[in-house]
Amino acid sequence: MPPTITAFERSPDRGKGQARDMRVRWALEEVGQPYDVRLVSFSQMKEPVHRALHPFGQIPTYEEGDLALFESGAIVFHIAVHHAGLLPDDANARARAITWMFAALSTLEPPIVDREIATLLERDETWYRQRLPVVEDRIRDRLCHLSDRLDDADWLDGAFSAGDLLMVAVLRRLNGSGILDEYPNLRAYVTRGEARPAFKRAFDAQLAVFTAASTG
């Protein structure tokens, strides 16, 4: 039986491939693993049945036999460990790829999400104009170091890995902000990730859900 993941019935990202099930879809496409998708509404995400899979009532979740996982990074790591194609065979290179996975989720993503929260939920606060530049400066600081490390390489550490998959997914959250365009090598890096056939298949699959929900 193929694994089953959960995704938004009506994604708030409006089909832009930002919802975190996109990362899991992409990983499964990269390793050639078929999968099923169970769509859940916002109300269903808070019900006991779903909270038994994800205690925080979010998506995605991953079910495979008796195994149930939550958190997109943990799910991508599980996929990468159990299928060839997302982690190098060399032990040291493998450890570095895993380090980049953690860096994407723990170092790069938090300030990017802070910016999203500020622009979506805090615009009417009196301190918004003071807070936003501080958050964006934190993002630029991290991007500057990442840009220096990537330099003119195609990927972070040799061949494409789960580290690149998560890093590209996180950086895509800056689409539309103009910030990523200040770092041409990082913009090109994201474009390379988006050009991968597995990414395109995952993106199209997620977009199809939004399109169906919008026309249904």
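**Close-up 1. The lining of the largest pocket, sorted by class.** By class, this lining has 19 nonpolar, 11 polar and 12 charged residues. Here Ala, Val, Leu, Ile, Met, Phe, Trp, Tyr, Cys and Pro count as nonpolar, Asp, Glu, Lys and Arg as charged, and the others, Gly among them, as polar. Everything in these views comes from a predicted model, where local features need pLDDT of at least 70 and side-chain atom pairs count only at pLDDT 80 or more, while totals for chains, interfaces and linings use all residues. Residues are numbered from 1 along each chain as its sequence is written, and side-chain values use heavy atoms, with hydrogens and water left out. The pocket has a volume of about 1200 Å³, a volume being the space filled by probe spheres set on grid points that are joined across faces, edges and corners. On a 1 Å grid over the protein atoms alone, a pocket is an open set of points with protein on both sides within 12 Å along at least five of seven lines, and lining residues have an atom within 4 Å of a point. Of the 42 lining residues, Gln18, Ala19, Arg20, Glu116 and Arg173 sit nearest the centre. Helix 2 (42–45), helix 4 (72–82) and helix 5 are the elements that give two or more residues to this lining, and helix 5 supplies the largest share, 13 residues. Helices are DSSP runs (H or I, at least four residues), numbered from the N terminus.

**Close-up 2. The largest cavity.** The structure holds three cavities of 30 Å³ or more; a cavity is a set of grid points where a 1.4 Å probe fits but cannot get out. The largest of them has about 40 Å³ of space. Its lining consists of Gly17, Gln18, Ala19, Arg20, Met22, Arg23, Ala169, Arg172 and Arg173. That makes three nonpolar, two polar and four charged residues.

**Close-up 3. Arg201 and Glu29.** This salt bridge (a side-chain nitrogen of Lys or Arg within 4 Å of a carboxyl oxygen of Asp or Glu) has its closest N and O atoms 2.9 Å apart. Arg201 in helix 9 (residues 197–215) and Glu29 in helix 1 (residues 21–31) are 172 residues apart, so the pair ties together distant parts of the chain. Arg201 is partly exposed at a relative accessible area of 41%; buried means under 20%, exposed over 50%, and partly exposed in between (1.4 Å probe, protein chains only). A search of the whole structure turns up 17 salt bridges.

**Close-up 4. Asp157 and Arg96.** The two side chains meet in a salt bridge at 3.0 Å, N to O. Asp157 lies in the loop between helix 6 (128–150) and helix 7 (162–171), with Arg96 in helix 5 (residues 91–121), 61 residues apart. Asp157 is partly exposed at 25% relative accessibility, and Arg96 is partly exposed at 38%.

Close-up 5. Relative accessibility is 23% for Asp114, which counts as partly exposed. Arg138, at 32%, is partly exposed too. Elsewhere, salt bridges with shared partners join Arg20, Arg23, Glu109, Glu116 and Arg173 into one network.
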